[in-house]
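Biologist: Could you take me through this structure slowly, and tell me what stands behind each word you use?

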Amino acid sequence: MSDLYVVFALLITTATTYAIRVFPFLLFNAKQPAPKILTYLGRVLSLGVVGMLIIYGIKDTPFNAPPYGFNEILAIVSVALLQWYLKIFVLSVLGGSALYMWLVQSKVLVGVF
């Protein structure tokens with residue numbers, strides 16, 4: 001892979017990302033606000049995405065073997081509590097992910113059971 005190929009790939013990726021980010025602002029500006037269905041979907045879909053992430057995160061969890069899914073359950077509860085307390089979604093997800101990774105890598109709950 002040549003250096004020129006990498007440069008063009010980065011330029012195309014940058015231009016595409018910029019265009020995707022700018023397009024909604026060009027389409028819906030202050031003079032013409034977004035339709036009500038889009039604002040509704042913007043409110044509702046974020047919760048749907050979180051629900052799908054929870055289901056995807058626990059779908060392969062063995063609840064019949066130690067630690068019986070407690071790593072995942074504690075991480076989900078920590079994200080919910082952090083979101084309730086801090087109300088900063090990124091920090092809530094990072095905190096829950098950090099707790100989950102620590103629980104899995106330290107195997108602290110496996111020793112309990």
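Biologist: What does Ser78 touch, not counting residues up to four places away in sequence?

Modeller: Ser78 touches Gly96 and Leu99 once those sequence neighbours are set aside, where contact means heavy atoms within 4.5 Å. This is a predicted model, in which local features need pLDDT of at least 70 and side-chain atom pairs count only at pLDDT 80 or more, while totals for chains, interfaces and linings use all residues. Residues are numbered from 1 along each chain as its sequence is written, and side-chain values use heavy atoms, with hydrogens and water left out.

Biologist: Why does Ser78 count as buried?

Modeller: Buried means under 20% relative accessible area, exposed means over 50%, and partly exposed lies in between, with a 1.4 Å probe and protein chains only. Ser78 has 13% relative accessibility, so Ser78 counts as buried.

Biologist: Why is Trp102 called exposed?

Modeller: Its relative accessible area is 51%, which is over 50%, and therefore Trp102 is exposed. Trp102 is found in helix 4, residues 89-106, a helix being a DSSP run of H or I with at least four residues, numbered from the N terminus.

Biologist: What makes Thr61 buried or exposed?

Modeller: Thr61 counts as buried because its relative accessibility is 11%. Thr61 lies in the loop between helix 2 (36-58) and helix 3 (70-86), and, leaving aside neighbours within four places in sequence, Thr61 is in contact with Gly69 and Glu72.

Definitions and conventions. Helices (H or I, at least four residues) and strands (E, at least two) are DSSP runs, numbered from the N terminus.
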